[in-house]
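Open the model in your viewer and keep the selection panel at hand. The stops below go from the whole chain to single residues.

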Amino acid sequence: MRRPALLIGTGAVVLVLVLLAVVLVTRGDDRSPGPTPTAAASTPPAEAMTTVLSSTFDEGDEGWAPLGDGVQVSDAQDPTHDGAGSLLVSGRSEAWHGAAVDLSGSVARGQVHTVSAWVRLGEGAGDADVQLTLERDPGGDDPLYVHVARGTATAGDWVELVGTAPVPEGDGEWRLYVETTESTADLRLDDVTVQRPTPEVQTDVTALKDATDVPLGVAVGPQDLTGRPAELLLRHFDQITPENAMKPVTVQPTEGAFDFGPMDEVLDVAAAHGLTVHGHTLVWHRSTPDWFFEAPDGRPLTDSAEDRALLLDRLRAHTRAIADHLAQRYGDADPVTSWDVVNEALDPEQPDGLRHSRWYEVLGPDYVAEAFRIAREELGPDVTLYLNDYDTDAPDRRRALVRLVLDLQAAGAPVDAVGHQMHVDLGTDVDRVATTLDAVAGLGLRQAVTELDVAISGRDEQLDRTPPDRLDAQRGQVRDLVAAFAQRDLAFIGVWGLYDTRSWLRAWPQERPYEAPLLFDDDLQAKPAYEGFLEGLGGSAG
Ligand code: XIL
């Protein structure tokens, strides 16, 4: 039996120049037959490829699950190929045992994909072949396996597996997994990407930013900064929010060890193209490394005066380091004009309306005011400081928000603005949204929509496709929401993701491969929701 050609290289350029022979084999449940080569697939130019999966394992398992009985996956800090984490796959007793991630909503049937991953074996294991496999489960019939890349992995170093393969037409759920050909050693996985070709960005539709004076923002990750996603971004938006690159866990994964690389990557693009940046975020109960809340000896911080001082010092040091870095890198051209200082502080179930997070436990209810004071002192007078929260349209959360703002104002805390995340759905009552916007306006603060997306499915609903009638309903919902925004004085309107594949809702609160909450579809083409956005602004698609 022959094996597919292998490419063990490091760069995308090499990747597109050297084509892999790929194989399509259908295997029975014994998963025994290995691959046999077929014709080489042709690969589109690099700029036409869009990254539809990027797993860095810096934020946990990122949706990867164990494959096979007894297999466990865990996010491991050491060793990593890059960044804070990698994925450890252990408890394997068969070669096909491994780890898998769902790709159902994001693969493009009938198109060539490129897959790349860094792999390594567990401590002490002998060298062994590892492969990346795309699997289609048509439900009922035998699954189809596409072996995309294979290479020899070792325990001593990371090896990149990279390959291209056409994804065939046909229905079914798709997933990508890592397995071996024989060995049952532990596997480590890091920096996995899947790319697919993307049609050209439409130039015959109105640029959204040209249809309004209100700045339009979008959350972006590294995969949005090049090629066609970058074209789409620059065509329609004039502000960005780094989706994860400015979160504490990214910027300061361990105390004193700052990593500004991911943040610089995003901000450099903003600076080069004259986009403003909304910073996200300083104080949050998520995406904040545990060390923030632990004493040097590992003991959890308490509300003692000493521990309070330590946590406030850490917040100040964190904020100052970012401010210093921005000043040094961009000087007067710093693109960051606003910040979510405190994110998701509300919990209407609590008597005081505040979430009892670790920040709250250590610092008490005044932590919100303290955070704004520190932010003002360290970030300077020109940056707009936001209190950001979700579901602010819900009456109990609206009441908690208004109460918190009044308390902050009474305490003299320098809060400038309220951010409404606006993760809503087709059932959201636009009148309630409008009531909240008017209530906040009445407090004399600025406000913005910071993270708009309009889900077409319920949080525990399993769609098996993206129904066109829901996309039409989404158009109307987006139109009505944006009309409500446009009638009020908003500092900006921000969307949480550039196109559907990139939405966090594909993985939250569970895998939702056919969720489509954004304005552009998986092919970066304008959806009915885009038309709705334009209609809400008072324009037309042109
Ligand atoms: C989400 C990102 O989109 C994901 O990539 C990440 O894995 C988790 O966080 N509210 C927020 C954002 O304030 O930071 C969240 O972003 C979405 C919900």
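For counting charges, Lys and Arg are taken as positive and Asp and Glu as negative, while His and the chain ends are not counted. Each charge is placed at NZ of Lys, CZ of Arg, CG of Asp or CD of Glu. Select those atoms: the mean positions of the 43 positive and 91 negative charges lie 2 Å apart.

This is a predicted model, in which local features need pLDDT of at least 70 and side-chain atom pairs count only at pLDDT 80 or more, while totals for chains, interfaces and linings use all residues. Residues are numbered from 1 along each chain as its sequence is written, and side-chain values use heavy atoms, with hydrogens and water left out.

Now show the cartoon. The protein has 11 helices and 21 strands; these are DSSP runs numbered from the N terminus, with helices (H or I) of at least four residues and strands (E) of at least two. The C-alpha trace spans about 75 × 60 × 45 Å along its principal axes.

Next, colour by burial. Buried means under 20% relative accessible area, exposed over 50%, and partly exposed in between, with a 1.4 Å probe and protein chains only. Of the 542 residues, 57% count as buried.

Select Val342, Phe372, Leu387, Phe485 and Phe533. These have the most contacts inside the largest nonpolar core, which has 99 residues. Such a core is a set of buried Ala, Val, Leu, Ile, Met, Phe, Trp, Tyr and Cys residues joined through side-chain atoms within 4.5 Å. Another core, of 37 residues, lies apart from it and includes Val107 and Leu161.

Go back to Phe372. Which residues is Phe372 in contact with, leaving aside neighbours within four places in sequence? Among them are Val341, Leu385, Leu408 and Pro414, where contact means heavy atoms within 4.5 Å.

Step to Ala371, in helix H7 (residues 367-379). Ala371 counts as buried, at 3% relative accessibility. Not counting residues up to four places away in sequence, Ala371 touches Val283, Leu315, Val341 and Val342.

The last stops concern the backbone.

- His280 to Thr281: this peptide bond is cis, with omega near 5 degrees. Thr281 lies in strand S15 (residues 276-283).
- Trp508 to Pro509: also cis, with omega near -5 degrees.
- Ser287: phi is positive, about 55 degrees, although Ser287 is not a glycine. Ser287 is buried, with a relative accessible area of 14%.
- Met422: phi is near 65 degrees, in the loop between strands S18 (417-420) and S19 (423-425).
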